[in-house]
Amino acid sequence: MNVNVYLKRSTGTTSPLVGQTSIDGTNVRFGLGINAPVAKWDRKRQRVRTGRDARLVDINAAIEREVQRVTHAFRKLVADYGRTPRPDEFKTAIQRVKAGKQIGRLTFNAFVDDYIERAKTMTNAKGEQINER
């Protein structure tokens, strides 16, 4: 799996970084949660030109970590499902990784715990808060 890294916008002094990959011909884009200086961005290498600036070296290290986390999430989904994950499954897995939650198939207890946590923000058709229990 190949993850391409882009600047979200090429104007201003800094820009958020966006990752993109293709799953079964569908492009999946996701934020990396990293900002990079626009003037130092190398489009060909998809990294920041560092020179001797330790801060820029740290940005490149953070990019590498995020790309590895995304790749690991994809491989875990393939191993769990025995097939290539759908783009929506992959995007959900990336969000779960960023939140520090388990990805792939959940145990029943983990599923219930996750539902209880999400239920705190859910509302019914009337707009009333759903009781999680």
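## Salt bridges

Asp42 and Arg45 join their side chains in a salt bridge, with N and O 3.8 Å apart; the term stands for a side-chain nitrogen of Lys or Arg within 4 Å of a carboxyl oxygen of Asp or Glu. Asp42 is buried at 16% relative accessibility, while Arg45 is partly exposed at 48%. Here buried means under 20% relative accessible area, exposed means over 50%, and partly exposed lies in between (1.4 Å probe, protein chains only). This is a predicted model, in which local features need pLDDT of at least 70 and side-chain atom pairs count only at pLDDT 80 or more, whereas totals for chains, interfaces and linings use all residues. Residues are numbered from 1 along each chain as its sequence is written, and side-chain values use heavy atoms, with hydrogens and water left out.

By this rule, the count of salt bridges is seven. Another of them pairs Arg47 with Glu64, at 2.5 Å from N to O. This pair links distant parts of the chain, 17 residues apart: Arg47 sits in strand 5 (residues 47–48) and Glu64 in helix 1 (residues 54–81). Helices (H or I, at least four residues) and strands (E, at least two) are DSSP runs, numbered from the N terminus. Arg47 counts as buried, with 14% relative accessibility, and Glu64 as partly exposed, with 34%.

Next comes the salt bridge between Arg86 and Glu89, whose closest N and O atoms are 3.1 Å apart. Shared partners join Arg83, Arg86, Asp88 and Glu89 into one network of salt bridges. Within that group, Arg86 is partly exposed at 43% relative accessibility, and Glu89 is buried at 14%.

## The sheet and its helices

Three strands form an open sheet in the order 1-2-3, with antiparallel pairing; strands count as paired if DSSP finds at least two bridges between them. The edges are strand 1 (4–7) and strand 3 (26–37), each of which pairs on one side only. From one strand to the next, the twist averages 30°. Axes are lines fitted to C-alpha atoms, for helices over the stretch in contact, and angles run from 0 to 180 degrees between N-to-C directions. Strand 1 and strand 2 (residues 14–23) run antiparallel and are joined by four bridges. Leu7 has Leu17 in strand 2 as its bridge partner.

Helix 1 packs on the sheet and touches strand 1, strand 2 and strand 3, its direction making about 155° with that of strand 3. Helix 2 (residues 87–98) also packs on the sheet, touching strand 2 and strand 3, and its direction makes about 25° with that of strand 3. Contact means heavy atoms within 4.5 Å.

## The whole chain

The chain has three helices and five strands, which run β-β-β-β-β-α-α-α from the N terminus on. Its radius of gyration is 18 Å, well over the 14 Å that the globule rule gives for 133 residues, so the chain is more spread out than a compact globule. That radius is taken over C-alpha atoms, and the globule rule is 2.2 Å times the number of residues to the power 0.38. Along its principal axes, the C-alpha trace spans about 55 × 35 × 25 Å.

Buried residues make up 35% of the 133 residues. Of the contacts between residues at least 6 apart in sequence, 36% join residues at least 24 apart.
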